[in-house]
Amino acid sequence: MPERKDFGDALVKAALAPIQAANARLGEGAIGEGIAALSKADLLAGLQQGIEKAAAVFKFRKVDVEALLPWDALLPALDRLEAAQIAALRAVQQHMATVGGPLSGPTRGAAFDARKQTGAEALFKVAKRFTTDPRVCGPIELFGTEVSGWETLVLQCGDRLESSPLHARYARRKLLVRSALVIVILGSFSVAWRSAYKTKQIEQARTRVDVALRAEDPCAVEKLAPEDITLATPEQVTGEKSRLEACATGRARARYVAACETLAKNFDAGKLSADDLALAKEAAPRLERAQKRELGVEDLLATPKDMPCQDSPSKDRFFGTYAAAAADSTKAWTEATRVSDDLRDALRGKDFSTKPYRDELTRRAEPAAARAIVSGKPEDMELGKKLCDFAASFGIERGKKCTGLAAVLGKQR
């Protein structure tokens, strides 16, 4: 003979069955599947199953049992639980996209026995595995709190059935039971409608994400609403992150190219800024000396590859200005005996035919040639020839002394 306690136990056992099934998946490490199994639809189905089993205990009608339940608390609790589940699943999907594999959490200690856990306890244990990642831990803990509230409501429903004077009130509650049935039916239609609406939302969001991912401009993904990314697939989330990185890289490159263009303009104008010098890096001291027309002997060995921004379209705009600065750096030519081939080729141009460096080379070469002719010493002859040849390599016409020294050297051969 069934007892009054069996009335409430039948409902509680069936209503909590989906939670125990989800616990089993969580206990096996299938965290994503376990959370997915705790859906609003599954829990509502479990509650309906519990109502049927409870009604069968005393052969009551299902609607009689439904009328005893606090639907004004149950349905809002399911809505809150559904929102928390979506957030937890989103955290799981994002984590899966990051680690590139199924979410199971770090293995710490033995797996828990799902049969001895409430749904909330199982979720809290799962959350503890991710205490170092609040983006996963927080949503799972919040979901566990909502599941705990649902379990409490189910137990309260069991208590309500056990304490209800259903036998005595059966006749009086027919009208109320029918009203409750209408509420349940409307609630079921509402659940179905919201489920269809949610499915449509997801499809539309993922379509918008696909369009952005296929756009030529990687920065197009920045226009996506956060809600669209929330509903995107793990693959789309990964693609969105990749496109954002490409967007950031492209913008950084554009800023760099623009900064190099500004550096080239300012160097040509002789007005280098602190930002220009920072961009020039190791070439900055040389550019500053060039700007002041104070290049040294070693600076005359520079080539175009020693100029800044070699990986930008502005790379060829620096050396012409640098050559002009070298031509005006008179002090460097008082000692110079070598220059880079690139600088020599630049200075041989007609734009530099009247620059001070030519006068300095001539001033050094002619006296050295004269000394060599007079002294006849080998070392003087070698130095005179070197300076005369050095000046001539820039297209400077040989003077009388250099010409005479060449004639003397020719007779000695």
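This is a predicted model: local features need pLDDT of at least 70, side-chain atom pairs count only at pLDDT 80 or more; totals for chains, interfaces and linings use all residues.
Helix α9 gives the most to the lining of the largest pocket, with 7 residues.

The largest pocket holds about 450 Å³ of space. Its lining counts 18 residues. Glu82, Gln85, Ile86, Lys198 and Ile202 are the ones nearest the centre. Three helices each supply at least two lining residues: α3, α5 (71-99) and α9 (174-214). By class, the lining has 6 nonpolar, 6 polar and 6 charged residues.

Two packed helices are described by the angle between their axes and the distance between the axes. Helix α1 spans residues 4-27 and helix α3 spans residues 40-57. Their axes come within 7 Å and cross at roughly 155°. Angles over 145 degrees count as roughly antiparallel, so α1 is roughly antiparallel to α3. The crossing of these two helices is right-handed.

Which residues of α1 and α3 make the contact? On the α1 side they are Asp6, Phe7, Ala10, Leu11, Ala14, Ala15, Pro18 and Ile19. On the α3 side they are Asp42, Leu43, Gly46, Leu47, Gln49, Gly50, Ile51, Lys53, Ala54, Ala55 and Val57. By class, this contact of α1 with α3 has 13 nonpolar, 3 polar and 3 charged residues.

Take α17 to begin with, a helix of residues 356-375. The axes of α17 and α19 come within 8 Å and cross at roughly 40°. Roughly parallel would need an angle under 35 degrees, so α17 and α19 are oblique to each other. Their crossing is left-handed. Helix α17 brings Ala365, Glu366, Ala369, Ala370, Ala372 and Ile373 to the contact. Helix α19 brings Lys400, Lys401, Cys402, Gly404 and Leu405. The residues of this contact of α17 with α19 divide by class into 7 nonpolar, 1 polar and 3 charged.

The crossing of α18 and α19 is left-handed. From α18, the residues Met381, Gly384, Lys385 and Cys388 take part. They meet Cys402, Leu405, Val408, Leu409 and Gln412 in α19. By class, this contact of α18 with α19 has 6 nonpolar, 2 polar and 1 charged.

Terms used
Residues are numbered from 1 along each chain as its sequence is written. Side-chain values use heavy atoms; hydrogens and water are left out. Axes are lines fitted to C-alpha atoms, for helices over the stretch in contact, and angles run from 0 to 180 degrees between N-to-C directions. Helices (H or I, at least four residues) and strands (E, at least two) are DSSP runs, numbered from the N terminus. Angles under 35 degrees count as roughly parallel, over 145 as roughly antiparallel, 65 to 115 as roughly perpendicular and the rest as oblique. A crossing is left-handed if the near helix is turned anticlockwise from the far one by less than a right angle, and right-handed if clockwise. Contact means heavy atoms within 4.5 Å. Ala, Val, Leu, Ile, Met, Phe, Trp, Tyr, Cys and Pro count as nonpolar, Asp, Glu, Lys and Arg as charged, and the others, Gly among them, as polar. On a 1 Å grid over the protein atoms alone, a cavity is a set of points where a 1.4 Å probe fits but cannot get out, and a pocket is an open set with protein on both sides within 12 Å along at least five of seven lines; lining residues have an atom within 4 Å of a point. Grid points are joined across faces, edges and corners, and a volume is the space filled by probe spheres set on the points.
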